[in-house]
Amino acid sequence: MGGPRGAGWVAAGLLLGAGACYCIYRLTRGRRRGDRELGMRPSKSAGETSGILEEGTSKGQLCERSARPQRGGTWESQWSKTSQPGNGNKDLTDGSYDDVLNAAQLQKLLYLLESTEDPVIIERALITLGNNAAFSVNQAIIRELGGIPIVGNKINHSNQSIKEKALNALNNLSVNVENQIKIKIYINQVCEDVFSGPLNSAVQLAGLRLLTNMTVTNDHQHMLHSYITDLFQVLLTGNGNTKVQVLKLLLNLSENPAMTEGLLHAQVDSSFLSLYDSHVAKEILLRVLTLFQNINNCLKIEGRLAVQPTFTEGSLFFLLHGEECAQKIKALVDHHDAEVKEKVLTIIPKI
């Protein structure tokens, strides 16, 4: 049935599948042998992957501190803990944190990622690439090998797990400022996915982490201008992890005076002020206090406070500069946490 042509297609399919398996075998075998020969072990110095595990995640998020050209800040990095027992996120290697693929092995990995349509292989290849992109030396190599568009194309994939892993890989690649020039073309699509997809989903969090990295410097912040109101909507409706991630992004924007007007024009529900209540989790409360502080500081730069544009009722400006917000912040002076109290005492004289 199907004749010679049908048999040919079956043979071609088998050959392609065998080729993918062989590529995986060569990649993993070459990595182990090559690393032993070359002694490839990252130093994990400040220029590589010095970081701390974030709370509330099972996927080993690493917050890296790296050089920030325009102002101090924290990069967001995602690392799949492939060596953790029972973790379904597997890469194409032995899962060791101590080894890193070389340029030739990365090129094979990119070829595999570009040529296969097997969702299992795609996902594992993205995890492997993302793990290796956590090292600064590989961030440049992957860019030079043309890897950013290969990864970027996968955020269009219908498989949500593949989309997430592609966003994670782009996220690690975006820690390199030169890579951001190539990654910025995906910002609008990432925003659409973040704000139209399921709330609190893995894809939404991965997209928010990428947007956070892309706004560490001021270069691409303007691309989020039309999404600021959406950010506040996700902030108010998301769970704790989502709230923290949105606030990290908003804090990046709030440090840039050029974004202040856009932030203050955003239409924000009055429930936003409930984030300034004493029972709110410290990691959220400190960030909303810093958001107020940053915006207030930017308004006063070069007399901006005296030349305010007209803000409509229901805007963030009316919420932050209303009597209710001032009272809530002053009430926090008796907060049980010393860090919160210190932040409040810094803000009160400027209210």
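Which polar atom lies 2.8 Å from the backbone oxygen of threonine 312? The atom belongs to the side chain of serine 315.

This is a predicted model, in which local features need pLDDT of at least 70 and side-chain atom pairs count only at pLDDT 80 or more, while totals for chains, interfaces and linings use all residues. Residues are numbered from 1 along each chain as its sequence is written, and side-chain values use heavy atoms, with hydrogens and water left out. The protein chain has 16 helices and three strands; helices (H or I, at least four residues) and strands (E, at least two) are DSSP runs, numbered from the N terminus.

**Overall picture and confidence**

- Of the 351 residues in the protein chain, 51% count as buried; buried means under 20% relative accessible area, exposed over 50%, and partly exposed in between, with a 1.4 Å probe and protein chains only.
- Among contacts in the protein chain with a separation of 6 or more, 71% come from residues 24 or more positions apart, where a contact means heavy atoms within 4.5 Å.
- The accessible surface of the protein chain is about 16,300 Å², and carbon and sulfur atoms account for 54% of that surface; the areas come from the Shrake-Rupley method with a 1.4 Å probe, and for residues only the protein chains shown count as cover.
- The average pLDDT of the protein chain is 81, and 71% of the residues score at least 70; pLDDT is the predictor's confidence in each residue, from 0 to 100.
- Over residues 30-72, pLDDT stays under 50, and the model has 117 contacts beyond four places in sequence for this stretch.
- Where pLDDT is low, the predicted coordinates should not be read in detail.

**Aromatic pairs**

- The structure holds five aromatic pairs.
- One of them joins phenylalanine 232 and phenylalanine 272, whose ring centres are 5.8 Å apart with the planes at 80 degrees, so this pair is edge-to-face.
- Rings of Phe, Tyr and Trp (its six-membered ring) pair if their centres lie within 6.5 Å; planes under 30 degrees apart count as stacked, over 60 as edge-to-face and the rest as tilted.
- The pair links distant parts of the chain, 40 residues apart: phenylalanine 232 belongs to helix H10 (residues 228-237), and phenylalanine 272 to the loop between helix H12 (257-265) and helix H13 (282-300).
- Phenylalanine 232 is buried because its relative accessibility is 1%, and phenylalanine 272 is buried at 0%.
- Phenylalanine 317 and phenylalanine 318 form another edge-to-face pair, with 6.0 Å from centre to centre and 85 degrees between the planes.
- Phenylalanine 317 is buried at 13% relative accessible area, whereas phenylalanine 318 is partly exposed at 42%.
- Ring pairs also link Phe232, Phe272 and Tyr276 into a cluster.

**Nonpolar core**

- The largest nonpolar core has 82 residues, of which Leu170, Phe232, Leu250, Phe272, Tyr276, Leu289 and Leu320 touch the most other members.
- Helix H13 gives the most to this core, with nine residues.
- A nonpolar core is a set of buried Ala, Val, Leu, Ile, Met, Phe, Trp, Tyr and Cys residues joined through side-chain atoms within 4.5 Å.
- Beyond its neighbours within four places in sequence, leucine 289 is in contact with Tyr276, Ile329, Leu332, Val340, Lys343, Val344 and Ile347.
- Isoleucine 347 lies in helix H16 (residues 338-347) and is buried at 2% relative accessibility.
- Leaving aside neighbours within four places in sequence, isoleucine 347 is in contact with Leu289, Phe292, Gln293 and Ile329.
- Isoleucine 347 and asparagine 296 are 51 residues apart in sequence, with their C-alpha atoms 9.2 Å apart in space.

**Individual residues**

- Serine 315 is located in the loop between H13 and helix H14 (316-320) and is buried at 1% relative accessibility.
- Outside four places in sequence, serine 315 is in contact with Leu264, His265, Ala266 and Gln267.
- Asparagine 297 is in helix H13 and counts as partly exposed at 31% relative accessibility.
- The C-alpha atoms of asparagine 297 and proline 257 are 8.7 Å apart, although 40 residues separate them along the chain.
- Asparagine 200, in the loop between helix H8 (187-196) and helix H9 (202-214), has a positive phi of about 65 degrees although it is not a glycine.
- At 28% relative accessible area, asparagine 200 is partly exposed.

Definitions and conventions. Polar contact = N/O pair within 3.5 Å; in protein donor to acceptor, adjacent residues only side chain to side chain.
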